[in-house]
Amino acid sequence: MSKSRPERKEPLYYGEYLQLSKLLEAQGLESTKVGATAHDEMLFIIVHQAFELWFKLILWELDALKRLFEKGVVAEKELGRGVAHLERIIEIQRLFSTQIDIMETMTPLDFLDFRDTLFPASGFQSAQWRLIENSMGMRPKDRFGYEKTRYSSRLNDADRTRVEAAELSPSLFDLVEAWLERTPFIRMGDYDFWSEYGLAVDEMMGRDRQVIDTNPLLTMSEKEEQVQNLQKTKKHFAALFDEVSYQKLQTEGVSRLSHRALKAALLIHLYRDEPILYTPFRFLKALVDIDENFSAWRYRHALMAERMIGTKIGTGGSSGHEYLRKAAEHNKVFSDLTNLSTFFIPRSDLPVLSEEIKRQMGFRFTSD
Ligand code: HEM
C-alpha cells in the first residue's frame, strides 16, 4: 500500500517559499545609518551573506555525512553517498574564489568610505565558519594564534556556546579515523603484508641512494644534502613500521591519525585499483581536496585583505593580512592524508597480493 502524500491547501507562492521579503530586506547599510551612504557597502554585505548561505549548506552536508559515519558500520553504498556529500562541498568551494573576484571590484579607497563604521565586527565572528572548522576536526591547539586569545572569545554568548559545544562532539576527523581503524585488510590472514612492503621500501631507498651517489652533476655538498634528505624520509618510513616511533611523531604534532588508521589509509591508496578499495580511495581523496580548497580560500582571502587594507589591522583587531597568511599556513585538519604520499612507492614495486586476498577484495553482493 502506498503512503498518502500530504496535500497543500493553498498554492505555494515563489516569494513566500523563499522568504524573499526577509532575505532581500536584510541589507542594512551602516554607512546609510550614519548619513553617508557608501555605494560599495551593498556589495560588501551581499558577498558576505552569500558566503554565509554557502557555509550553511556546507554544514548541512557535513552533518548528513557525519550521521552516516556515526552508525558504526559504513556500508559500501553509504560510502558512495558520503563521497557525494564531499563532492558537493568541493563544488561549493569552487565558488569562493569567484566571489572574492566580485568583492575585489571594490577598490581599497571605496572600502575606506565605510570601513570605520564596521569596528569591531569582522569575519573573525563568523560562527558558521568556526562551526565548519570544528565540525571538520580543527582542535583549538591546531589554530594559529590560539595561545594569545581563544578564537571563540570574539563571539557573543550564544555563538560561543554553539561553537564551543561543537568542539566536544565527534568531528569528521574522529569519525573518519574510527572508520579507517575498522578497515579490514590491515591484517591479511597469514600474509605478512607489512614486512613485504618494508622490503619494497628498502629497495626503493637503495635505488634512490644509488642515483645520488652516481649523479655526476652533483657537487659533494649537494650529494651530502640529498643523502640527509633521504635519511629524513627513511626515519619517517621507520615510524610506519614501529608504533613507538610513530607515537613520538604524534607527540611532536607531526602526525595526528592513529597508527592503525594511517596504515589503513595507506593501504587504500596503494591498492585503490582493487574494486572494494576504490570508493574508500575517492572518499579520502575528496577529504584532501576539501582541506586544500579551504587553505586556498584562506590564502586568497589573506591576499584580498592585503590588497584592501595593506598593513593596517583588521576590523576584528588582528594583525590583519599577517594573521590571515599565518592561519592559512597553519589551520589544516587532514594533513596526515595529504602527507600520505611520503609513503608511496611505485606501483611496479608493490607487493603482489595473493589470489585469496584479491578475491576477498573483489566486489561481493550484499543481502540488503
Ligand atoms: C574587503 C573585504 C575583506 C577584508 C578586508 C577582510 C579582512 C579580514 C581580516 C583582516 C580578518 C582578520 C580578523 C580581523 O582582524 O578582522 C578577517 C577574518 C575573516 N574574514 Fe575577512 N575580509 C574581507 C572579506 C571577507 C569575506 C567576503 C568573507 C566571507 C565570509 C570573510 C570571512 C572572514 C573569516 C571567516 C575570517 C576569520 C578567519 C580566521 O580567523 O581564520 N572575509 N577578514
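Helix axes are lines fitted to C-alpha atoms over the stretch in contact, and angles between them run from 0 to 180 degrees between N-to-C directions. The model used in these exercises is predicted.

**Exercise 1. Classify the packing of helix α11 against helix α13.**

Step 1. Locate the helices. Helix α11 covers residues 220-241 and helix α13 covers residues 259-270.

Step 2. Read the geometry. The axes lie 9 Å apart and cross at about 110°.

Step 3. Apply the cut-off. Angles of 65 to 115 degrees count as roughly perpendicular, so α11 and α13 are roughly perpendicular to each other.

**Exercise 2. Describe the contact of α11 with α13 by residue.**

Step 1. List both sides. From α11 come A239, L240 and F241. They meet H259, L262, K263 and L266 of α13.

Step 2. Five of the contact residues are nonpolar, one is polar and one is charged.

Step 3. Follow K263. This residue also lies over the face of W194, 4.9 Å from the ring centre.

**Exercise 3. Characterise the aromatic pair of W179 and F283.**

Step 1. Take the distance. The ring centres are 5.5 Å apart.

Step 2. W179 sits in helix α9 (residues 172-181) and F283 in helix α14 (residues 275-309), 104 residues apart. The pair thus links distant parts of the chain.

Step 3. Check burial. Both W179 and F283 are buried.

**Exercise 4. Survey other aromatic features.**

Step 1. Count pairs. The whole structure holds 21 aromatic pairs.

Step 2. Find a cluster. F51, F55, F96, W129, F294 and W297 form one.

Step 3. Look for a charge over a ring. The charged end of R256 sits over F173, 3.8 Å from the ring centre.

Definitions and conventions
Residues are numbered from 1 along each chain as its sequence is written. This is a predicted model: local features need pLDDT of at least 70, side-chain atom pairs count only at pLDDT 80 or more; totals for chains, interfaces and linings use all residues. Side-chain values use heavy atoms; hydrogens and water are left out. Rings of Phe, Tyr and Trp (its six-membered ring) pair if their centres lie within 6.5 Å; planes under 30 degrees apart count as stacked, over 60 as edge-to-face and the rest as tilted. Helices (H or I, at least four residues) and strands (E, at least two) are DSSP runs, numbered from the N terminus. Buried means under 20% relative accessible area, exposed over 50%, partly exposed in between (1.4 Å probe, protein chains only). A charge sits over a ring if NZ of Lys or CZ of Arg is within 6 Å of the ring centre and within 35 degrees of the ring normal. Angles under 35 degrees count as roughly parallel, over 145 as roughly antiparallel, 65 to 115 as roughly perpendicular and the rest as oblique. Contact means heavy atoms within 4.5 Å. Ala, Val, Leu, Ile, Met, Phe, Trp, Tyr, Cys and Pro count as nonpolar, Asp, Glu, Lys and Arg as charged, and the others, Gly among them, as polar.
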